[in-house]
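Take a look at the sequence and the structure below. Keep both in view while you read.

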Amino acid sequence: MFRCFPSTCVLYGASILIIFFWCLMWMHHVITIIYAKSKLYKKLKLCPESPSYVGVSIIKPLMGFDPNLLSNLETFFTMDYDCYEILFCVAEEGDPAIKVVNSLLDKFPTVDAKLFVGNSVVGVNPKINNMQSGYSVAKHPLILISDSGIRMKPDTLKDMVEHMTDKVGLVHQLPFVCDKDDSLVSIMEQIFFGTCHARFYLLANLLNLNCVTGMSLLVRKSLLDEVGGLQSFGSYLAEDFFIGKSLRDRGWKLQVSAYPALQNATGYGMDYFRNRLKRWIKLRLKMVPFVTFLEPFTQSLLIGFLASWAGTYLFAWNPVAVFMVHIFLWFICDWTMFTIVHNGPLRISRFVFLVVWLLREVDSNFLFMSALADPSIVWRDKAFRVSWGGLTEKITEK
Ligand SMILES: CCCCCCCC/C=C\CCCCCCCC(=O)N[C@@H](CO)[C@H](O)/C=C/CCCCCCCCCCCCC
Ligand SMILES: O=c1ccn([C@@H]2O[C@H](COP(=O)(O)OP(=O)(O)O[C@H]3OC[C@@H](O)[C@H](O)[C@H]3O)[C@@H](O)[C@H]2O)c(=O)[nH]1
């Protein structure tokens with residue numbers, strides 16, 4: 001008679017659980033590839049007599065300079081959209097971004113654009129404090145919050161506004177990265193945002209979970225004003241998550257635009273990129289801890305090792321063969337997702353993609369562990385402590 005000793009039962013149960021989770025991972029690859037293919041870069045079919053476009057106040061919080069700042073900001077002056085204003089916000093006198101904005105205001109005198117210098121301290125979130133001066137004078141019914149490193153294609157704003165249908169309160173963009181330069185960090189950043197990040201971002205949206213990014217979001221101003229304006233989110237560092245939550249709680253839908261957000265700030269090194277991802281992990285950990293603790297198990301190498309072990313334990317599979325096939329198929333899925341999100345001729349070969357992709361996959365679990373090791377959050381020149389739930393206090397200027 002078969003006797004299940006406690007340790008055997010635990011191993012047996014664990015391996016079934018791992019194989020089940022592994023199957024879920026393959027399902028998520030297939031589903032997100034299909035979703036990305038059907039959603040991204042597809043123009044909405046509007047009725048011919050669609051009304052003229054609603055006015056948009058674009059708030060650009062700026063801090064500091066990078067070599068692409070001028071050309072990125074310039075794309076906001078040349079958009080194919082009838083009615084919008086640009087409100088540039090800079091917190092401190094002497095910030096190098098001021099000079100860049102002034103040169104653009106001179107170059108495009110017919111575009112409705114203004115620069116505000118000065119911080120209004122309405123909370124701990126420095127981006128909200130910075131945007132407050134622009135928000136308080138915004139005159140249009142839609143607000144586009146757009147980070148300094150974002151580049152716009154001429155028809156992106158139109159697409160976002162078209163997605164703002166009757167029941168939709170907020171339209172956001174899937175974060176991606178422009179073809180910047182050939183540095184390792186730029187390629188790795190692009191691969192991360194075009195594979196792992198894109199999959200989970202799209203999956204969350206497909207499952208109707210709140211996964212809004214603050215780097216580019218269009219929101220109805222009346223809905224922010226209903227709860228006290230932008231400043232009511234100033235006590236959270238992850239203001240994007242809480243803006244999304246607030247709208248969802250009031251029955252509004254969140255939509256993803258067909259066009260990914262094109263991040264194009266440059267000149268930052270590998271540490272900056274890794275610290276940014278660590279900061280986001282720490283934020284997610286405090287806001288959605290159960291999902292975040294599962295994150296390491298969704299990374300190719302760890303789940304590959306576990307599935308090889310479980311397959312050997314349950315079905316006597318060859319673990320090396322399982323692992324190799326697993327990594328190969330994961331790579332094919334990620335490459336496919338990357339080409340869909342990128343949508344155009346690639347500047348990197350499959351070989352470069354493979355090498356940098358592997359490096360990132362190896363790094364992902366180290367990144368996660370080092371994020372857990374230090375709970376304090378540093379953002380630019382400030383340090384914060386985030387409590388469970390998301391409320392934030394400022395510790396100090398760094
Ligand atoms: C079977 C369950 C597996 C769950 C595993 C989830 C693994 C997630 C792995 C990578 C994370 C990608 C994350 C999505 C984007 C979040 C980016 C971010 O941190 N942004 C912050 C800064 O802008 C923002 O403030 C944070 C927002 C919180 C978002 C919460 C997202 C939850 C995402 C969950 C997606 C998985 C859905 C699976 C559901 C069964
Ligand atoms: O102290 C600051 C820091 C940042 N910012 C502005 O905030 C925007 C985003 O800054 P960064 O690029 O440093 O940071 P991230 O891209 O990681 O931000 C992202 O993660 C945290 C969320 O709260 C943000 O909404 C999201 O944009 C930029 O436009 C920047 O100029 C400020 O205005 N003041």
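Predicted model: local features only at pLDDT ≥ 70, side-chain atom pairs only at ≥ 80, totals over all residues.

**The seven-stranded sheet**

Start with the sheet of 7 strands. It is open, and its order is β3-β2-β1-β4-β8-β6-β9. The pairing is mixed. At the edges sit β3, residues 113-117, and β9, residues 253-256. Each of these edge strands pairs on one side only. On average, neighbouring strands in this sheet are turned by 20° against each other, direction ignored.

Now find the β3 end. Strand β2 covers residues 84-90 and runs parallel to β3, with 5 bridges joining the two. Look for Ile-86, which stands opposite Ala-113 of β3. A helix packs on this sheet: α3, residues 97-107. Helix α3 touches β1, β2 and β3. Its direction makes about 160° with that of β3.

**The three-stranded sheet**

The other sheet has 3 strands in the order β5-β10-β7. This sheet is open too, with mixed pairing. The edge strands are β5 (150-151) and β7 (175-177), and each pairs on one side only. Between β7 and β10 (residues 261-263) the pairing is parallel, over 3 bridges. Pro-175 has Ala-261 of β10 as its bridge partner. Helix α6, residues 184-194, packs on the sheet. It touches β7 and β10, and its direction makes about 150° with that of β7.

**Around ligand 1**

Which residues come nearest to ligand 1? Of the 20 residues around this ligand, they are His-197, Phe-200, Ala-238, Asp-240 and Arg-284.

At least two residues each come from α7 (196-206), α9, α10 and α11 (289-294). Helix α7 gives the largest share, 4 residues. By class, the shell holds 14 nonpolar, 3 polar and 3 charged residues.

**Around ligand 2**

Ligand 2 also has 20 residues around it. Pro-61, Lys-127, Asp-147, Glu-239 and Arg-380 come nearest. Polar side-chain atoms of Asn-130, Asp-147 and Arg-279 lie by oxygen atoms of ligand 2, at the distances in the table. On its own, ligand 2 has 660 Å² of accessible area, and the protein covers 95% of it.

Which elements give two or more residues to the shell around ligand 2? They are β1 (56-62), α4 (126-137), α9 (239-249) and α10 (270-287). Helix α10 provides the largest share, 4 residues. The residues of this shell divide into 9 nonpolar, 3 polar and 8 charged.

**Polar side-chain atoms and ligand oxygens**

| Residue | Ligand | Distance |
|---|---|---|
| Asn-130 | ligand 2 | 2.9 Å |
| Asp-147 | ligand 2 | 2.4 Å |
| Arg-279 | ligand 2 | 2.9 Å |

**Linking the parts**

Some elements turn up in more than one place. Strand β1 belongs to the sheet of 7 strands, and it also gives residues to the shell around ligand 2.

Note on methods. Residues numbered from 1 in each chain as written. Chains lettered and ligands numbered in written order. Heavy atoms only, no water. Near = heavy atom within 4 Å. Polar contact = N/O pair within 3.5 Å; in protein donor to acceptor, adjacent residues only side chain to side chain. Areas by Shrake-Rupley, 256 points an atom, 1.4 Å probe, with all protein chains shown as cover. Nonpolar A, V, L, I, M, F, W, Y, C, P; charged D, E, K, R; others polar. Pairing = 2+ DSSP bridges. Contact = heavy atoms within 4.5 Å. Axes fitted to C-alpha atoms, helices over the stretch in contact; angles between N-to-C directions.
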